[in-house]
Amino acid sequence: MMPHIRPSSDLRNKYNEISEFCHQYGEPVYITKNGTGDLAVMSIETYEYLIGKFELCALLEKGMKDIRLGRTIPARDAISEIRKELKDETL
């Protein structure tokens with residue numbers, strides 16, 4: 001899909017239209033200033049979704065680094081440790 005591009009004057013004059021588009025399609029609207037890209041506007045839902053993906057990618061990257069550096073333990077050992085911690089918390 002082609003990006004939705006609007007001039008900065010539309011933020012003031014057609015805010016509701018831009019907001020409706022962002023909520024309906026879940027895509028950003030690119031705002032230009034003097035014909036040059038300046039901002040991207042999106043719904044809070046889209047923003048939170050993108051931030052969640054970013055945070056997940058960062059955690060996966062950290063996990064992959066731990067694997068490369070040998071900072072891992074077998075899954076059964078990890079599960080045993082988790083169960084032990086959960087048991088200790090309930091006591």
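Predicted model: local features only at pLDDT ≥ 70, side-chain atom pairs only at ≥ 80, totals over all residues.
View 1. Helices (H or I, at least four residues) and strands (E, at least two) are DSSP runs, numbered from the N terminus. Starting at the N terminus, the elements follow the order β-α-α-β-β-α-α. The C-alpha atoms fill a box of roughly 60 × 35 × 20 Å along the principal axes. The radius of gyration is 22 Å, whereas a compact globule of 91 residues would have one near 12 Å; this radius is taken over C-alpha atoms, and the globule rule is 2.2 Å times the number of residues to the power 0.38. Of the 91 residues, 12% are buried (buried means under 20% relative accessible area, exposed over 50%, partly exposed in between, with a 1.4 Å probe and protein chains only).

**View 2. Three strands make an open sheet in the order β1-β2-β3.** The pairing in this sheet is mixed. β1 (4-7) and β3 (36-41) stand at the edges with a single partner strand each, so one side of each has no neighbour in the sheet. From one strand to the next, the twist averages 35 degrees. Strands of a sheet pair through backbone hydrogen bonds, either parallel or antiparallel. Here β1 and β2 (residues 29-33) pair in the parallel sense over 4 bridges (two strands pair if DSSP finds at least two bridges between them). Look for His4, which stands opposite Val29 in β2.

**View 3. Helix α2 lies across β1, β2 and β3.** α2 runs at about 145 degrees to β2; axes are lines fitted to C-alpha atoms, for helices over the stretch in contact, and angles run from 0 to 180 degrees between N-to-C directions.

**View 4. Phe21 and Tyr25 form a tilted aromatic pair.** A search of the whole structure finds 1 aromatic pair. Its rings are 4.9 Å apart centre to centre, with 40 degrees between the planes. Rings of Phe, Tyr and Trp (its six-membered ring) pair if their centres lie within 6.5 Å; planes under 30 degrees apart count as stacked, over 60 as edge-to-face and the rest as tilted. Why are Phe21 and Tyr25 separated by about one helical turn? They are 4 residues apart in helix α2 (residues 15-25). Phe21 is buried, at 13% relative accessible area, while Tyr25 is partly exposed, at 43%.

View 5. Leaving out residues up to four places away in sequence, Asp66 touches Arg71 and Thr72 (contact means heavy atoms within 4.5 Å). Just after α3, Gly70 takes a positive phi of about 75 degrees.

**View 6. Helix α4 (residues 75-90) lies largely in the open.** α4 reaches 23 Å from its first C-alpha to its last, close to the 22 Å expected at 1.5 Å a residue (the expected span is 1.5 Å times one less than the number of residues).

Notes: Residues numbered from 1 in each chain as written. Heavy atoms only, no water.
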